[in-house]
Amino acid sequence: MTARKRREAFDAFSMLAPTLLGLLVFFAFPLAYSLVLSVTDTRLFGDANFVGLDNYVKALGDPTFHRALGNTLLFSAATLVVSVVPALFLAVLLNEKLPAQAFFRGIYFVPVVASVVGVSLLWRYLLNFDFGFINYGIRELGKVLGTKWEGVPWLTNSNIALISVILVFSWKTIGYNMVILLSGLQSISKPLYEAAAIDGASRWQAFRSITMPMLSPTTFFVLVTTLINCLQVFDIPYALGWTRSSTAGPADSMLTNSVHLYREGFINSQMGYASALAWVLFAIIMIITFVQFRMSNRWVNYE
Amino acid sequence: MSRILRTPFEKALAMVLLLIVGLFIIFPFIYMFASSLKESSDIVKVPPELFPAAPKWNNYAEVLEVVPIGTQLLNSAIVTLGVTVGWLLTSTLAGYAFARLEFPGRDLLFSAFLGTLMVPFVVLIVPMYRIMVELSWVDKLVALIVPWVSTAYGTFLLRQAFMNIPKELEEAAQIDGAGRWGTLFKVALPLVGPALATLATLAFLYSWNSFTWPLIIISSPGTKVVTQGLMDLQALYAGTRLNLVLAGSTLAVAPTLLAYLLAQRYFIEGVATTGLAGR
């Protein structure tokens, strides 16, 4: 290496030093440490012993883990539909030349910037069985239709509580997905549509054969990121459902994998077990993401 | 014609739909603010009323008095400022090094940086807690700042921004005798203002709204951040004083909402380019 090159490399590493140091101490080291913890019986205090793969074996047979995984998968699958489909619909409408387009885009995005905890608390009241506005709306609708609707026990019924998490999460993320899909729509070149129009294609044909395939990389991005975020969801179920007896929602119906991990690690002090749970969740996320990528070449149009 | 909506009727129908969805999306915020000005008994009234008969601004004074949410707002502000300044500094330096300087292992190192984005936070949470114990940072604000100032996202964002400015400008400065650091701070940095604004916006959102990590590491009421304070407020007053809980929520949500109103562009751009706020 010449002196000049050496000098350049020295400057480069000086510039990188703060970031590198931070990522080594607060990312790379804990990543490796986490793997070590996961094969021990580490607790909040006291000595730890090597226990081999016991924690992983325990996780796979733990009914609470199964419960959390079931909740998380159900939540994620439903949220993909409830958040992404309306986002796509709104993006398509906003891509039309309508008045106040920027205004609507701005409004839909508001929940994205608001504190998750703050909005979850207010949703607790909106979803309240007795005085919540949502049930008020349902009862009024019932009256209009001439039937008596009691309202829905959104947060108190263990079969329904997870639906509330899905609704609040979707409400919070629709604007985000809509913005990304809209920018995808706006980058589709206009001449494609003009050519289709000359060929006599109807608007639905144009939508199916131009918009959908041209948008598919963006749709794919939205699906992958939404799913990854869903599989890790912590704060909405926690803020909506955490109780003093450390359950998440009625009968743990809002228990997701991240909330389960938090409870094992920091309430029950099972830090080794919680680390193993984290790696199992990581593996599940990797597998699902991998499958999504493998399936993507069937429907995503890469130029 | 590429448009899906063609007749005026279809367009009107679409407008109505957009309006209804907009109302549904914004209504919770109206409810939150309106209820924060009510008597508690008016919030639980059946059938519910949206607006208070007489606005009770005193709820805000009261919530600041009964829980240390004023201190907690200040703690959140300190953490947010620290993280934001940290992000801007570390990402500028690292982003510039990746964009403009040549050094052995650059591409490999950059891939490793991007790789960090794939690891879910839950994998790091237990070991991070133990590291904080070793550093004696448990229950201190420093634990909410220092571990988070290095960011692969920021490095990536600033690298892109530096790569997009014409190299000739920097070369001219170097011919004029400016060193590498001088070139970075005097020539390149002023040209990436929008990227810095986007990054600052993201750092602000991310740290102001953060909850999971503070929940684990901070336990004293006077050291907690505002998102934790809200959960305490809920636990204390959910049964009796909903108006105070909602006044607290309004205080916690207002800063990001106001900032969003003022700088919408950077919020939407920042979020759309990095996908960070999805967390």
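Q: How many helices and strands are there in chain A?

A: Please note at the outset that this is a predicted model. Chain A has 12 helices and 0 strands. Read from the N terminus, its elements run α-α-α-α-α-α-α-α-α-α-α-α.

Q: Why is chain A described as more spread out than a compact globule?

A: The radius of gyration is set beside the value from the globule rule. For 303 residues the rule gives 19 Å, whereas chain A has 24 Å, so chain A is more spread out than a compact globule. The C-alpha trace of chain A spans about 75 × 70 × 35 Å along its principal axes.

Q: What does the secondary structure of chain B come to, and what is the radius of gyration of chain B?

A: Chain B has 15 helices and 0 strands. Its radius of gyration is 24 Å, while a compact globule of 279 residues would have one near 19 Å. Along the principal axes, the C-alpha trace of chain B spans about 75 × 65 × 35 Å.

Q: Which domains does the domain assignment give for chain B?

A: The assignment gives domain 1, covering 8–58, and domain 2, covering 60–278. The centres of these two domains of chain B, taken over C-alpha atoms, are 32 Å apart. In the contact between them, 11 residues of domain 1 of chain B meet 11 residues of domain 2 of chain B. On the domain 1 side, helix 1 (8–35) and helix 2 (40–43) of chain B each supply at least two residues. Helix 1 of chain B gives the most, with 3 residues. By class, this side of domain 1 has 5 nonpolar, 4 polar and 2 charged residues.

Q: How many residues of chain B are in contact with chain A?

A: The contact joins 75 residues of chain B to 77 residues of chain A. Several elements of chain B give two or more residues to it, including helix 1, helix 4, helix 6 (121–135) and helix 14 (242–262). The largest share of the chain B side, 13 residues, comes from helix 1 of chain B. By class, the chain B side has 54 nonpolar, 15 polar and 6 charged residues.

Q: At what angle do helix 4 of chain A and helix 1 of chain B pack?

A: Helix 4 (residues 101–113) of chain A and helix 1 of chain B pack at about 35 degrees, with their axes 9 Å apart. The crossing of these two helices is left-handed. The contact is made by A:Phe104, A:Ile107, A:Tyr108, A:Val110 and A:Pro111 of helix 4 of chain A, together with B:Leu18, B:Gly22, B:Ile25, B:Ile26 and B:Phe29 of helix 1 of chain B. By class, this contact has 9 nonpolar, 1 polar and no charged residues.

Methods:
Residues numbered from 1 in each chain as written. Chains lettered and ligands numbered in written order. Predicted model: local features only at pLDDT ≥ 70, side-chain atom pairs only at ≥ 80, totals over all residues. Domains from an automatic or database assignment. Contact = placed C-beta atoms within 7 Å. Helix = DSSP H or I, 4+ residues; strand = E, 2+ residues; numbered from the N terminus. Nonpolar A, V, L, I, M, F, W, Y, C, P; charged D, E, K, R; others polar. Rg over C-alpha atoms; globule rule 2.2 N^0.38 Å. Axes fitted to C-alpha atoms, helices over the stretch in contact; angles between N-to-C directions. Left-handed = near helix turned anticlockwise from the far one by under 90°.
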